[in-house]
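Student: I've got a model open on my screen and I'd like to talk it through. Can we go over it piece by piece?

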Amino acid sequence: MFKNRALAFILITLMIDAIGIGIVFPIMPDLMERVGAGDTGQGALWGGLLMAAYAGALFLSGPIVGSISDAVGRRPILIAALVMLALDYVIMALADSFWLLLLGRSLAGLAGATYITATAYIADMSSPQEKAANFGLIGAAFGIGFVLGPALGGVAAEISLSAPFWIAAALAAGNALFGFFVLPESLTPEKRRPFGKRDLNPFKSIFDAFRLPGLAVPLVCIFIFEFANMVYPTLWAFWTREVFDWPTLYIGLSLAAYGVLLAFVQGGLMPIFIRWIGDFRTLMLGMISALIGMIGFGFTGSITALVVFLILAALSDLVPALMTAMASNQTDDDRQGVVQGVIASLSSLAAILSPLVMTGLFQASVDAEGTYMPGAPFFFAAVLVLAMMPLIFRLRGHASV
């Protein structure tokens, strides 16, 4: 009963978090126009800066929040993060300048504890054999959120550009209230560890995690893959508008379709793949799908090709859950929070750097004065995935099956 109730709440929390994130993606070009960001290339660059601000705040706060949850428990951190997310979306609904949007996204980054602490919560309640499949459910919850979020964003934006943010604020606030009444604590007092001054330094937490036996390789792999995979959320709205001249509604529907695929892969196919071929071969399937998909998006100019490569992009999302499970299996119970915080910080560091690099490449590739190649960022991402293959083979011993 405890596991079912807790897992249901965590998955709902993550789904609502994904709705709040996904609801923004299809309206990003119009949002950048509202605050005076200019044409598609320049709008992508400013949108990348907005994403980098979110990731920067999460990078600084991730290990700290994870360490606090190791000391005081997961429940209060989850509820506080949801309240802060609701405040962020109110600010973004009212924002009429880029700097207010920047403030709102920074607050959302500080509230990134939703994902960090939820992942630690899942680790608390899962056996080593269950972790990969349960972390896959996290991806499925995000996938469902990405179905609903972009669809809501695309439709609600037809009413008002601020409407999607008010919807996201209401969902976050309602879920915080729901969690206050129904969520039990997952970390028992005897498994908690003291919070000290050393935990306030995010770089110290990252360095400490790299020194733990067996963690360095999966952490490096997580960073590189997340850097490459950020090409999709960073550029999808701008790339589809540039290549296909899609309006906001079509962008939202395409992201919703990706969410359906993601939920099916992570919630349906992943447990089957793990049972049939094991963790490592499933990881390799995701890596190969990522490589082919990124190369394909770099070349594509047709809707048919886009659909095919969107399926491969969804299969590539097998990778983060499996690498997270492999890292978690190397970690003691009283350090799950800090390690998940470090993973979130490394993902955030990738999310700081990747939007700046990818949007810069995109702006240069659609500039009238240079060579027109809007798929250039996807090619660059494919090179990164290919380069990390030797490290992936070293993870074979980290798999639980």
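**Walking through the model**

Tutor: Let's start with Trp166, which lies in helix 8 (residues 163-182); helices here are DSSP runs of H or I of at least four residues, strands are runs of E of at least two, and both are numbered from the N terminus. Before going on: this is a predicted model, where local features need pLDDT of at least 70, side-chain atom pairs count only at pLDDT 80 or more, and totals for chains, interfaces and linings use all residues. Residues are numbered from 1 along each chain as its sequence is written, and side-chain values use heavy atoms, with hydrogens and water left out.

Student: Is Trp166 buried, partly exposed or exposed?

Tutor: Buried means under 20% relative accessible area, exposed means over 50%, and partly exposed is in between (1.4 Å probe, protein chains only). Trp166 has a relative accessible area of 42%. So the class for Trp166 is partly exposed.

Student: Which residues does Trp166 touch, leaving out those up to four places away in sequence?

Tutor: A contact means heavy atoms within 4.5 Å. With residues up to four places away in sequence not counted, Trp166 touches Val90, Ala93 and Leu94.

Student: How far apart in space are Ala176 and Ala86?

Tutor: In sequence, Ala176 and Ala86 are 90 residues apart. In space, C-alpha to C-alpha, the distance between Ala176 and Ala86 is 9.0 Å.

Student: Let's zoom out. How many helices and strands does the protein chain have?

Tutor: The chain has 401 residues, and buried ones make up 61% of them. Among contacts between residues at least 6 apart in sequence, 84% join residues at least 24 apart. The secondary structure comes to 17 helices and 0 strands.

Student: How many salt bridges does the structure hold, and which side chains meet there?

Tutor: A salt bridge is a side-chain nitrogen of Lys or Arg within 4 Å of a carboxyl oxygen of Asp or Glu. The structure holds 1 salt bridge, with 2.8 Å from N to O. The side chains that meet in it are Asp88 and Arg105.

Student: Which parts does that pair tie together?

Tutor: Both Asp88 and Arg105 are buried. Asp88 lies in helix 4 (residues 75-94) and Arg105 in helix 5 (residues 98-110), so the pair ties together parts that are 17 residues apart in sequence. The parts in question are helix 4 and helix 5.

Student: How do helix 11 and helix 13 run relative to each other?

Tutor: Axes are lines fitted to C-alpha atoms, for helices over the stretch in contact, and angles run from 0 to 180 degrees between N-to-C directions. Helix 11 (residues 231-244) and helix 13 (residues 303-316) pack at an angle of about 175°, with their axes 14 Å apart. Angles under 35 degrees count as roughly parallel, over 145 as roughly antiparallel, 65 to 115 as roughly perpendicular and the rest as oblique. That makes helix 11 and helix 13 roughly antiparallel.

Student: Which residues of helix 11 and helix 13 make the contact?

Tutor: On the helix 13 side, Ile303, Leu306, Leu310 and Ala313 take part. From helix 11 come Tyr232, Trp236, Trp239 and Phe244.

Student: Where does Asp245 sit, and what is its phi?

Tutor: Asp245 is in the loop between helix 11 and helix 12 (248-299). Asp245 is exposed, with a relative accessible area of 62%. Its phi is positive in a residue other than glycine, near 55°.
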